[in-house]
Amino acid sequence: MKTSNPVLARLGQAAERERSAGYAPTGPYGQPGYPQQYPTEAGYPAAPPTVNTMSIDDVVVKTVTLLGILGISAAAAWVLVPDALLGAAWIGAAVVGLVLGLVISFSRMANPALVVAYAVVEGVFVGMVSKFFESLYDGIVVQAVTATFGVFFVMAILYKAKVIRATPKFVKGMIAVMAGLFAVMLINLVFALFGVNTGLRDGSPLAIGFSLVCIVVAALSFVLSFKEVEDGVRMGLPQRYSWVAAFGILVSLVWLYIEILRLLSYFQGDD
């Protein structure tokens, strides 16, 4: 199974090496679905070990697990981190989360420990950001969480109904747009550190428009994640790679939540 995703292509090559070493799940007569049977009587080699391949259910379980870890971490940070350290914890978690995210994204091997660590760190980040906005606008966190999962389920339904298709052109376009947005946000952050206001995050019409663009792109990024899951299942990737797929969904959920939270704050700024 070919894929336009370079990360999945590398993972597919790893899975192929495992299959060539005798780890591929096949039926008793060579058909897919069950481990290959080998005679084990004297004079015959024992059957090689087998590994389970990832499934959509695996990804769902891992995603729910990561969301649970993130939620617990966010709640703990909200309660335990003093208000005086809110900014430091916010920035520190953002930096550590970015580093872990890059390591996971560009790693050739699935590492559940790193993915779980990312969920914990992102939980601290989300908790600090949520606490800050909630202190300014009562009830905004519940609104943002509801909107985030609402968008996610709508995108899942649209993808399942094939209303939105992850064509090669769509994938390339999304990757280019996401890279451009992250570059703009990074540049804006650098300017902000030097006291320069670009108007992208100050509640102005430009800021509202920029947040809307980010929300649309974040929502469409779920299509890429769903496509990665489908490709991974078809390619027969080992079950541990469901952690990588769940990580991709978690990243999009966090990004979407933060952008919705920010957008909602713009409309409540005059209250």
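Predicted model: local features only at pLDDT ≥ 70, side-chain atom pairs only at ≥ 80, totals over all residues.
Local features here need pLDDT of at least 70 and side-chain atom pairs count only at pLDDT 80 or more, while totals for chains, interfaces and linings use all residues. Residues are numbered from 1 along each chain as its sequence is written, and side-chain values use heavy atoms, with hydrogens and water left out.

Let's begin with the record. An unreviewed UniProt entry lists several spans as "transmembrane region", among them 59-81 and 139-159; such annotations may be inferred rather than shown by experiment. In the model, residues 59-81 are 96% helix and 0% strand, with end C-alpha atoms 32 Å apart. For residues 139-159 we get 95% helix, 0% strand and 31 Å between the end C-alpha atoms. Helices are DSSP runs of H or I, at least four residues, numbered from the N terminus.

Next, a helix pair. Helix 2 (residues 56-80) packs against helix 8 (residues 242-267) at about 50 degrees, with axes 8 Å apart. That angle makes the pair oblique, the class left after under 35 degrees (roughly parallel), over 145 (roughly antiparallel) and 65 to 115 (roughly perpendicular). Who meets whom? Counting heavy atoms within 4.5 Å as contact, helix 2 brings residues including Asp-58, Lys-62 and Leu-66, and helix 8 brings residues including Trp-243, Phe-247 and Leu-250.

Finally, Lys-162, in the loop between helix 5 (140-160) and helix 6 (168-193). Most residues other than glycine have a negative phi, yet Lys-162 has a positive one of about 65 degrees. Lys-162 is exposed, because its relative accessibility is 56% and exposed means over 50% (1.4 Å probe, protein chains only).

Methods. Helix = DSSP H or I, 4+ residues; strand = E, 2+ residues; numbered from the N terminus. Buried < 20%, exposed > 50% of the residue type's maximum accessible area, 1.4 Å probe, protein only. Axes fitted to C-alpha atoms, helices over the stretch in contact; angles between N-to-C directions.
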